[in-house]
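Here is my note on the model you sent.

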Amino acid sequence: MAVPNLVNLEKVSKSYGVRPLLTEVSLGIGVGQRIGIVGRNGDGKTTLLEVLTGIEAADTGRVSRQRGLLVGYLHQGDELDDTHSVREAVLGGRADHEWAADSTTREVVEVLLAGVDLDRPVLGLSGGERRRCSLAALLLDEHDLLILDEPTNHLDVEAVAWLARHVAALPSALVVVTHDRWFLDAVCQWTWEVHDGVVDAYEGGYAAFVLARAERSRQAATVESRRANLARKELAWLRRGAPARTSKPKFRIEAANALIEDVPPPRDTLALQKFATQRLGKDVIDVEDVDLRRGERVLLEHATWRLGPGDRVGIVGVNGAGKTSVLSLLAGTLDPQKGRVKHGRTIALAHLTQQLDTLDPTMRVLPMVESIRRVTKTADGEITATSMLERFGFTGDKLVARIGDLSGGERRRFQLLCLLLEEPNVLLLDEPTNDLDIETLQVLEDFLDGWPGTLVVVSHDRYFLERATDSVWALLGDGQISMLPRGVDEYLERRAAGDDAPPVVRAQADRSSAPAGRTAAVAAASAASAAPKAKVGGAEERSARKAVARVEKRLAKITQEEAALNAEALELGQDYEKMAGVSARLAALADEKEQLELEWLEAAEILG
């Protein structure tokens, strides 16, 4: 007998004022399902969560929930009592020896509340600390359904990787809204896109969503819009540019090849460096034998670092490691205790901080942009200010809106846009992805692909770091800025081994660096490639070839069966009992596919 869904929406509509955010939406959340929700800011993602939880009532339609359903909801505010201590708010007042005896509780506290005094009052915590306390309290409780709205905010790269592992191992169903595309790919089995009042469902995480959405557009023979072009360009990067994804078996990417065969690499690195050298010369920023301290904390000691023309650098480190201070050091707004920071004579530096109060709230959007520059130049040509505004989502009434009336996400977008219009040749970005939706991130990445200059990014958004930069450097607590040839993967390995230990590969780091459903395959491929290859005999080779042919034939059939089941699911509408049966068959196919992929990898390794 099919298991009923935990929550069902039947033809649900919800509007604010005259604007419809949800229009006759029908969907359900099954037991143990992990669903990611994407869409532009303001398109209704949070509204959908609030309708699912019952915080907001639907205008029309029906919302039904399983009797006795336990729902945990991390919303963008918090419900912490300011009169409580952190220990009371998160741990129910338990003493250290009580909560530390439970390994799960201990891990949550050690990761999310690192550096927070458990006996300090909630009143006085920073926004980031309150957020992490709320998340910790939620994860320490038991739920049938966990709903998380932007859970990765205020978490560093290491904590995001831990959170992905933790929630993927929970037995509860999960619905998450986040702009962190790596997290979506690592955790989610389904992706819901909220747009124009509807919710489209796609099987798989973010990478699968990008492919499926582009494929739907191709099959429908739609005219390619800018949005589709960005999706195809990002798909090309997913296929060609991300080191963590190069172990995919070829049958994983055959469907993508037809879409990206005529798409060039996202960036022409040589052309950008040539253009950057023309603008900057050979000298950009030199950090020479610098000591940097904040209070009693040593951030840098005898550190030397050179940034050249066209360098695209990401900086990672735990919260408090000094990432923001290093950006201020590079910008010249923070002086070192020893040594010097030398700027090239031709640099025009722009620094995006985490503060939003740098904008005049009385100014209006279009006049302020035109006062900065009407036309800006990139390596691909000139872009008008109005075109830039449109690309960053400012159209219609938003063009004449007062800056003080914009939302936090809109102000962040506008702040970034104004910075880019100044035509800097050195760009320092401190957590640029905060408050930006995925489509705006794609626009920013697309712009940076043609921007010729030196780029330094501090971000907890692993996907953005890998997408926008060419090298990753880390603050590991040893007073130096260390280059990591293998990027974020190497950073997580070194953190797992201890900050000052040499990089080693550990199972935990492997799990954190591979998206869900592909971990075993990637680990198997890595282990196989690291081992010395024995000479393959004729019989073994023939057997491996037969295995590859058999597996690929079955995988092709599974792809057809999945397509048929997905089509059937679309036709079922509100028949949730049959929908549960379809979901169970799709899950069985996914399990079979994963086993076949492992078999394929083992056979392919024999064939070399």
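1. Leaving aside residues up to four places away in sequence, which residues does Thr-105 touch? The contacts are Leu-91, Arg-94, Trp-99 and Leu-140. Thr-105 sits in helix H4, residues 103-112. Its relative accessibility is 6%, under the 20% cut-off, so Thr-105 counts as buried.

2. Some words on confidence. This is a predicted model. The mean pLDDT of the chain is 81, and 80% of the residues reach at least 70. Among the elements, strand E7 (residues 173-177) has the highest mean, 96. Helix H19 (residues 507-513) has the lowest, 35. Two stretches call for care when reading the model. Over residues 500-536 pLDDT stays under 50, and the model has 54 contacts there beyond four places in sequence. Residues 243-248 also stay under 50, with 12 such contacts.

3. Next, the overall make-up. The chain has 608 residues, and 50% of them are buried. It holds 22 helices and 20 strands. Take the contacts between residues at least 6 apart in sequence: 71% of them join residues at least 24 apart.

4. Now the sheet. It is open and has 6 strands, in the order E14-E17-E18-E12-E19-E20, with mixed pairing. Strands E14 (349-352) and E20 (481-484) stand at the edges. Each has a single partner strand, so one side of each lacks a neighbour in the sheet. From one strand to the next, the twist averages 20 degrees.

5. Within that sheet, look at E12 and E18. Strand E12 (residues 312-316) and strand E18 (residues 454-458) run parallel and are joined by 4 bridges. Arg-312 has Leu-455 in E18 as its bridge partner. Helix H18 (residues 487-497) packs on the sheet and touches E12, E19 and E20. The direction of H18 makes about 120 degrees with that of E20. Helix H12 (residues 323-331) lies across E12, E14, E17, E18, E19 and E20. H12 runs at about 155 degrees to E17, which spans 426-430.

6. Which residues of helix H13 (residues 365-372) are buried? They include Val-365, Met-368 and Val-369. Down the axis of H13, the buried residues fall within an arc of 100 degrees, so they line one face of the helix. The general rule is that an α-helix has 3.6 residues a turn, so residues three or four places apart point the same way. The cover over the buried residues of H13 includes helix H14 (385-391) and helix H15 (408-421).

7. Glu-203 deserves a look. This residue is in strand E9, residues 198-203. At 27% relative accessibility, Glu-203 counts as partly exposed. Beyond four places in sequence, Glu-203 touches Gln-189, Trp-190, Ala-208, Glu-562, Asn-566 and Leu-586. Trp-190 is 13 residues from Glu-203 along the chain, yet their C-alpha atoms are separated by 4.5 Å.

8. Last, two backbone angles to check. Most residues other than glycine have a negative phi, and most peptide bonds are trans. Lys-11 is not a glycine, but its phi is positive, about 50 degrees. Lys-11 is found in strand E1, residues 7-16. Its relative accessibility is 45%, so Lys-11 counts as partly exposed. Asp-196 also has a positive phi, near 55 degrees. Where is Asp-196 found? Asp-196 is in the loop between strand E8 (190-195) and E9. With a relative accessible area of 67%, over the 50% cut-off, Asp-196 is exposed.

Technical notes
Residues numbered from 1 in each chain as written. Predicted model: local features only at pLDDT ≥ 70, side-chain atom pairs only at ≥ 80, totals over all residues. Heavy atoms only, no water. Helix = DSSP H or I, 4+ residues; strand = E, 2+ residues; numbered from the N terminus. Buried < 20%, exposed > 50% of the residue type's maximum accessible area, 1.4 Å probe, protein only. Contact = heavy atoms within 4.5 Å. Pairing = 2+ DSSP bridges. Axes fitted to C-alpha atoms, helices over the stretch in contact; angles between N-to-C directions. Arc of directions from axis to C-beta. pLDDT = per-residue confidence, 0-100.
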